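Here are my notes on the model, in numbered points. Please read them with the structure open.

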Amino acid sequence: MSGKVAIVTGSNKGIGFAIVRALCKQFDGDVYLTSRDEGRGVEAVDLLKKEGLSPKFSILDINSSASIAKFKDFIQTTHGGIDVLVNNAGIAFKNNATEPFHVQAEVTNGTNYFATKDFCNAIFPLLRPHARVVNVSSSSGYLKKINGKEPESIELQKRFADVNLTQDELSGMVNKFIELTKTGNHFEHGWPNSTYSVSKVALSSLTRIQQRELDEARPGDDIIVNAVHPGYVDTDMTSHKGPLSPDEGAIAATWLALLPQNATTPRGGYVWHDKTVVDWANGPAPGEY
Ligand SMILES: NC(=O)c1ccc[n+]([C@@H]2O[C@H](COP(=O)([O-])OP(=O)(O)OC[C@H]3O[C@@H](n4cnc5c(N)ncnc54)[C@H](OP(=O)(O)O)[C@@H]3O)[C@@H](O)[C@H]2O)c1
């Protein structure tokens, strides 16, 4: 029960897979490649084994409360705690997707924000002192991506960045966006025409709340949560258009996962793929990708 444990969600392919590969090389402990599909997960583990690495495997679908409960129970029983958690699982509709916008709003936020939040709330009690949590956000998760009609969008930005914002209030905002998409008047209420941006801004905002809550609940435990933009990466999500390789996209997330004990910065931050800590609330705007 004493060895260290790292977990990466949605890691059967893409950036998550590359983060597992990097952690297998750099992290002193067990690294869990997790997948919502057993076949895809086992296949991914076998690929890394062929490279001489030894990831462990577990099924985990963050959209399923039963899957989360089973996974938590397994980790608690087998290891007793968690030292590194990378919330990488995420989805994005393609630009030519035919699903109505309000359906995309519900599904995208359902995984990227609500499921990630629910998974964290279930699993955070297992975080050990000095644990590192990395939320894989995006350049689309930069606050100023809330760019619907002004001045409503500016008001929304202020609410997202409020240092006293609670998880319930944040969830209420995301639910309000989803509701507004059903009548198509989200833009005039300040929201962007991107469901993905809303989900990732919400995740970046959640990161700040999580850091504050952990600081309050477990002062001195040195638990750090950060959000990261991995870069524009060559994966299925981008239809392989991104200029960065998955291994390059894994660099900043892996760095944050391995921040040394008692690191003072970044904490509750928003970090660019080149490891620059970006002032999420006030800018200046980070680079293009
Ligand atoms: N690629 C980029 O340029 C880019 C840029 C900014 C941010 N990001 C973010 O980086 C993360 C990884 O993206 P990627 O480009 O590597 O995408 P990807 O190749 O599409 O991989 C996404 C992974 O998430 C998994 N996943 C989706 N829903 C899940 C769920 N409910 N439970 C568990 N796993 C789930 C997928 O599993 P399946 O194989 O079963 O679908 C897959 O393993 C995402 O959060 C994405 O938003 C990517």
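1. P266 sits in the loop that runs between α9 (251-257) and β7 (270-271). The peptide bond joining T265 and P266 is cis, with omega at about -5°. Please keep in mind that this is a predicted model.

2. A cis peptide bond also joins G283 and P284, where omega is about 10°. P284 belongs to the segment after β8 (277-278).

3. The loop between α9 and β7 also holds N262. Phi of N262 is near 60°, a positive value in a residue that is not glycine. N262 counts as exposed because its relative accessibility is 52% and the cut-off for exposed is over 50%.

4. H240 has a positive phi too, near 60°, and is likewise a residue other than glycine. H240 is placed in the loop between β6 (224-228) and α8 (246-249). Is H240 buried, exposed or partly exposed? With a relative accessible area of 45%, H240 is partly exposed.

5. Now the ligand. The ligand is surrounded by 29 residues, and the closest of these are R36, N63, Y196, V233 and T235. By class, the residues of this shell divide into 11 nonpolar, 12 polar and 6 charged.

6. Which atoms of G231, V233 and T235 lie by an oxygen atom of the ligand? For G231 it is a backbone N or O atom, at 3.3 Å from a ligand oxygen. For V233 it is again a backbone N or O atom, at 2.7 Å from an oxygen atom of the ligand. T235 instead places a polar side-chain atom 2.6 Å from a ligand oxygen. On its own the ligand has 900 Å² of accessible area, and the protein covers 94% of this.

7. H186 lies in the loop between α6 (167-183) and α7. Its relative accessibility is 6%, so H186 counts as buried, the cut-off being under 20%. The side chain of H186 makes a polar contact with the side chain of N193, at 2.8 Å. Leaving aside residues up to four places away in sequence, H186 touches F101, F177, L180, T181, W191, P192 and N193.

8. Aromatic pairs come to 8 in the model, counting rings whose centres lie within 6.5 Å. In one of them, the rings of F71 and F119 have their centres 6.2 Å apart and their planes at 45°, so the pair is tilted. What does this pair tie together? F71 is in helix α3 (residues 65-78) and F119 in helix α4 (residues 101-123), so the pair ties together parts that are 48 residues apart in sequence. F71 is buried, at a relative accessible area of 2%, and F119 is buried at 0%.

9. A further pair is Y113 with F114: the ring centres are 4.7 Å apart and the planes stand at 70°, so this pair is edge-to-face. Y113 is buried, with a relative accessible area of 0%. F114 has 17% relative accessibility and counts as buried as well, since the cut-off is under 20%.

Conventions: Residues are numbered from 1 along each chain as its sequence is written. This is a predicted model: local features need pLDDT of at least 70, side-chain atom pairs count only at pLDDT 80 or more; totals for chains, interfaces and linings use all residues. Side-chain values use heavy atoms; hydrogens and water are left out. A residue is near a molecule or strand if one of its heavy atoms lies within 4 Å of it. A polar contact is a pair of N or O atoms within 3.5 Å; within protein, one must be able to donate a hydrogen and the other to accept it, and residues adjacent in sequence count only if both atoms are side-chain atoms. Accessible areas come from the Shrake-Rupley method with a 1.4 Å probe; for residues, only the protein chains shown count as cover. Ala, Val, Leu, Ile, Met, Phe, Trp, Tyr, Cys and Pro count as nonpolar, Asp, Glu, Lys and Arg as charged, and the others, Gly among them, as polar. Helices (H or I, at least four residues) and strands (E, at least two) are DSSP runs, numbered from the N terminus. Buried means under 20% relative accessible area, exposed over 50%, partly exposed in between (1.4 Å probe, protein chains only). Contact means heavy atoms within 4.5 Å. Rings of Phe, Tyr and Trp (its six-membered ring) pair if their centres lie within 6.5 Å; planes under 30 degrees apart count as stacked, over 60 as edge-to-face and the rest as tilted.
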